[in-house]
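Subject: Structure for your review

Dear colleague,

Please find below the sequence and the structure that I am handing over to you. My findings follow directly after it.

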Amino acid sequence: MNPQLLFWVPATVRMSLLLLGAGILWFFFGPTIGLGVGLASVCLMVFIQLHYLYRLSGWLDNPDSEKLPDGWGAWTDIFSRLYRLRRHDEKNRTELTEWLARFRQAMSLLPDGVVIMDDVLFLEWCNPAAEKHLGLKNSRDKGMRVTNLIRNPDFMDYIILGRYEQPLTLSLRERKLIVQIIPFENRRQILVTHDVTESERIEMMRRDFIANASHELRTPLTVINGFLEIASSQANLDPQTRAAHLKLMTEQGHRMQNLVEDMLTLTRLESIDYPLRPERVVINNLLEQIVEEAKALSAGRHTITIAADGPDVRGSTEELRSTFSNLVSNAVRYTPEGGQIKLSWKMSKTGPQFAVQDNGIGISAEHITRLTERFYRVDKSRSRETQGTGLGLAIVKHVLLRHDAILSIESKPEHGSTFIVTFPKTAAVTDGIEYSGERAAVG
Ligand code: ADP
């Protein structure tokens with residue numbers, strides 16, 4: 001029914017009954033009683049209305065649907081409609097709170113930073129990623145001007161110029177950020193930040209790698225091309241010179257081949273499509289091969305000894321062979337004639353351990369942390385002289401990562417170096433044998 005009617009019909013009926021009652025009293029008992037009772041009834045009605053108004057005003061101070069008073073007459077309808085409105089409102093509010101909580105959670109999981117500001121750049125809210133990227137603190141900085149919080153000249157210029165359709169690349173707090181301001185609603189703006197530090201680093205590594213690899217390949221190619229030009233322009237070269245040229249070309253060809261093979265190995269080791277397939281690595285057989293190779297490379301110029309008393313390990317035989325061989329061949333190549341190279345394999349407190357100790361040229365401290373970078377060499381000319389590709393220790397690092405093993409390097413210039421590989425204890429295949437860790441010579 002029409003709410004207007006719902007209100008007016010009972011009110012009119014009630015007023016008519018009152019007037020009728022007063023009229024009847026007047027008729028039977030005279031005007032004094034009739035008017036007196038009529039006035040008293042009107043006063044009672046007014047009092048009832050005031051009472052419910054008072055209760056309504058009390059309820060409005062604390063408008064909880066549960067505490068809504070019961071009414072009488074038209075108030076019953078008013079209160080029940082207020083109750084429905086209040087319930088609807090409470091439901092909307094609960095839904096809104098849930099949405100807000102969900103929105104906040106999604107924003108806090110976002111890897112990109114989001115800062116909400118008003119039209120004059122006063123901070124209203126920011127998510128944890130923005131706090132991390134820009135050094136803000138939502139609870140502390142709320143209501144402050146963003147330009148006072150992010151003190152960076154490039155950011156200031158970006159704000160002054162106001163070319164918000166273009167993102168800005170910002171170096172801030174040792175991070176590289178892509179920042180953009182997006183105006184929304186009438187008087188609000190969002191500042192979005194995207195951290196590109198890692199992708200920039202990878203991109204730089206990729207660029208460096210290509211530049212280094214091209215440079216490494218260019219040198220032997222230049223040598224080969226030079227000799228080929230000589231051979232084609234001078235038909236009657238004497239056989240000795242020709243043989244010397246051919247020898248040098250073959251050497252450079254081998255160098256290029258080694259380089260390409262090492263690059264392919266690195267690519268394979270980094271590929272997720274090339275998972276480690278662990279098997280039992282019979283260490284004694286592996287070490288025997290390594291010692292043979294080292295002796296062949298040294299050609300009697302060094303004393304090579306080995307002490308082995310350790311367990312077999314689980315891993316890739318081929319990858320560990322190349323790792324140990326890299327370390328041993330480095331020891332041979334960077335130790336002058338007459339030097340000593342000691343290999344050892346033992347069960348240490350932390351796990352199975354392979355060590356290569358030499359008394360060669362050694363490495364000064366500032367280079368040690370960078371040795372496993374691709375193409376990093378302490379002395380470029382010496383590395384080339386010794387046929388090094390500059391990728392050996394980078395390969396070692398990747399193989400060891402795949403085996404959860406650690407490489408540690410101790411070295412002193414002019415005194416020699418020790419390269420130690422430590423496997424986790426779980427990698428050992430002991431067959432119940434207790435290893436004392438004391439060394440037993442096997443070769
Ligand atoms: P390379 O092919 O040049 O030997 P590596 O990655 O195997 O490349 O080694 C990187 C650099 O580490 C070498 O160029 C060399 O300067 C240094 N290095 C490695 N092993 C030794 C060692 N046993 N003694 C001294 N220097 C070493």
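I begin with the cysteines of this predicted model. Cys126 is buried, at a relative accessible area of 3%. Cys43, by contrast, counts as partly exposed, because its relative accessibility is 48%, and the limits for that class are 20% and 50%. The structure holds zero disulfides. As a reminder, a disulfide is a covalent bond between the sulfur atoms of two cysteines.

As to confidence, the mean pLDDT of the protein is 90, and 96% of its residues reach 70 or more. Over residues 438-443, however, the pLDDT is below 50, although this stretch has 15 contacts in the model beyond near neighbours in sequence. Where pLDDT is low, the predicted coordinates should not be read in detail.

Overall organisation

The protein is divided into four parts: domain 1 covers residues 3-100, domain 2 covers 110-195, domain 3 covers 199-270 and domain 4 covers 279-442. Between the C-alpha centres of domain 1 and domain 4 the distance is 95 Å.

Which residue of β5 is the bridge partner of Ile182? That partner is Ile190.

Helix α14

The buried residues are Gly392, Leu393, Ala394, Ile395, Val396, His398, Val399, Leu400 and Arg402. In general, an α-helix has 3.6 residues a turn, so residues three or four places apart point the same way.

What covers the buried residues of α14? Among the elements that do so are the helices α9 (239-270) and α11 (317-333), together with the strands β11 (406-412) and β12 (416-422). Just after α14, Asp404 takes a positive phi of about 55°.

Yours sincerely

How values were computed
Residues numbered from 1 in each chain as written. Predicted model: local features only at pLDDT ≥ 70, side-chain atom pairs only at ≥ 80, totals over all residues. Heavy atoms only, no water. Pairing = 2+ DSSP bridges. Helix = DSSP H or I, 4+ residues; strand = E, 2+ residues; numbered from the N terminus. Buried < 20%, exposed > 50% of the residue type's maximum accessible area, 1.4 Å probe, protein only. Contact = heavy atoms within 4.5 Å. Disulfide = S-S within 2.5 Å. Domains from an automatic or database assignment. pLDDT = per-residue confidence, 0-100.
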